[in-house]
Amino acid sequence: MEQQAVDMQALATAAKAGDPDAQYKMAAILSGEGHREQSVALLKKAAANGHADARYTLATSTLLGLNVPRNPEHAANILAPTAAKGHLASARLYAVLQAMGHGCEKNWPAAINNVMTTVQEGHAGACRDLALLLILYRTQDDLSLQLLMAAASRKDIISAMILVERFLHGETLLTPGLAKAWCAHAKQMGHPLAFQFEPQISAEPDFSEVAVTDIPDITTDDIKALLAEPDSLPVPDATYVLDRPRVKTIKGLFPREICNYLIAQSAPRLAPARIIDPQTGALREDPYRKSYTVTLWPVDMDIVLFAAGAIMCAAGDAPSDHGEMTSILAYEPGMQYGAHYDCLIPDAEGKNPELERSGQRPRTVLVYLNQEYDGGETRFVRSEYQYKGETGDAIVFDNVLDDGTIDEQSLHEGCPVTGGVKWLASKWIREKTYQF
Ligand SMILES: O=C(O)CCC(=O)C(=O)O
Ligand SMILES: [Fe+2]
């Protein structure tokens, strides 16, 4: 206790004397104690002194408007210098802002530069991001495999679980002992797939095999040539299945690895879905829409999640900035999304601020992220058409008619799940650039 008081005193003295690390640590302690203003003041000092973690934290608060005014341009400016120096968290977030054009100019090649700076710095998370982009683009299997091996051997559990899953499918040359060792590590870290995979490997875990492998030697120009802007990526062929509402389905929009990644990144952020109370306008839970859900805002995103969202927009024939943020939904047995329209409905006076801001929601894109569940079909209640995709398949449907008025045939539901957990990615497309 006494020692703690001495340490705190020493920290406060160092912070006052201008030590950025002490300022950052003091800011975290003060924030935990609820002293928001003092915390922000110190965070700003540490950031001004060039402390990379402080700059990242301040940038996320600035994006969210948390204890500081919301200002995406300011957030991008805070991130730019630390991203250029290869600070992983800053570079990952700055890449998202550049890819989206949120707070800075939309510039996909510049976003790739950020990824490559951190790959070249040897960050495991950056190797994983690049590997996942290559997987999403379905290109350079050898290179993505080397990047995954490099990341997994640097203890990146997401990469390790991708390799273990491939091992279980007989696709990757891991030894069973190494696969088991990675599972044990990922279980400790709480990766959901590790609990599923570990019992399927009968070998003893062999930790002696965990040797760090080299990061492949790749140039930024090579990667830029491989990874065009995701908005312009060709989407697999669609099958038109219904006229009213207009519905098409797409097999394999996302590879399995991307589906698992979306699940793993959203699982810790899920919260019960809420609806807007028609009487009070307040958000509340309702048995009508019962699922767990998370909306991925820029601070929750990385370049892979951005690109996956952009591909969903492309599947809906829309530029990426017309898409609302991707939502991930998880339905446990008994959960469902009751019959509803996705389009925005004006009030009795013909008004809806959302409609004025970014226009109607003419189209919806859903991607099924897994298939190991019972029930849970997406059903158009008036036409009785229903669809249940396999892992990575998409359904795209119009919520309005050609003249822009609501298509009443678009009334749809997520049927109750009766076994297992259904995971879904959902994107609502807007008429105009989505303003948020
Ligand atoms: O769960 C489903 O199949 C439907 C989801 C849905 O309707 C939506 O996200 O708007
Ligand atoms: Fe819907």
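The residues of the shell around ligand 1 comprise five nonpolar, five polar and two charged, where Ala, Val, Leu, Ile, Met, Phe, Trp, Tyr, Cys and Pro count as nonpolar, Asp, Glu, Lys and Arg as charged, and the others, Gly among them, as polar. The model is predicted: local features require pLDDT of at least 70 and side-chain atom pairs pLDDT 80 or more, whereas totals for chains, interfaces and linings use all residues. Residues are numbered from 1 along each chain as its sequence is written, ligands are numbered from 1 in the order in which they are written, and side-chain values use heavy atoms, without hydrogens and water.

Ligand 1 is surrounded by Y331, Y337, H340, D342, L366, T378, H412, G414, K422, L424, S426 and W428. At least two shell residues each are supplied by β9 (336–340), β15 (412–414) and β17 (422–429), strands being DSSP runs (E, at least two residues) numbered from the N terminus. The largest share, four residues, comes from β17.

Oxygen atoms of ligand 1 lie 2.6 Å from a side-chain N or O atom of Y331, 2.9 Å from a polar side-chain atom of K422 and 3.1 Å from one of D342. Taken alone, ligand 1 exposes 300 Å², of which the protein buries 100% (Shrake-Rupley method, 1.4 Å probe).

The space taken by ligand 1 is the largest pocket, a pocket being an open set of points on a 1 Å grid over the protein atoms alone, where a 1.4 Å probe fits, with protein on both sides within 12 Å along at least five of seven lines; lining residues have an atom within 4 Å of a point. This pocket holds about 1,600 Å³ of space. Among its 50 lining residues, R274, I276, R289, R361 and W428 are the closest to its centre.

Notes
Near = heavy atom within 4 Å. Polar contact = N/O pair within 3.5 Å; in protein donor to acceptor, adjacent residues only side chain to side chain. Sits in = over half its atoms within 2 Å of the grid points. Points joined across faces, edges and corners; volume = space filled by probe spheres on them.
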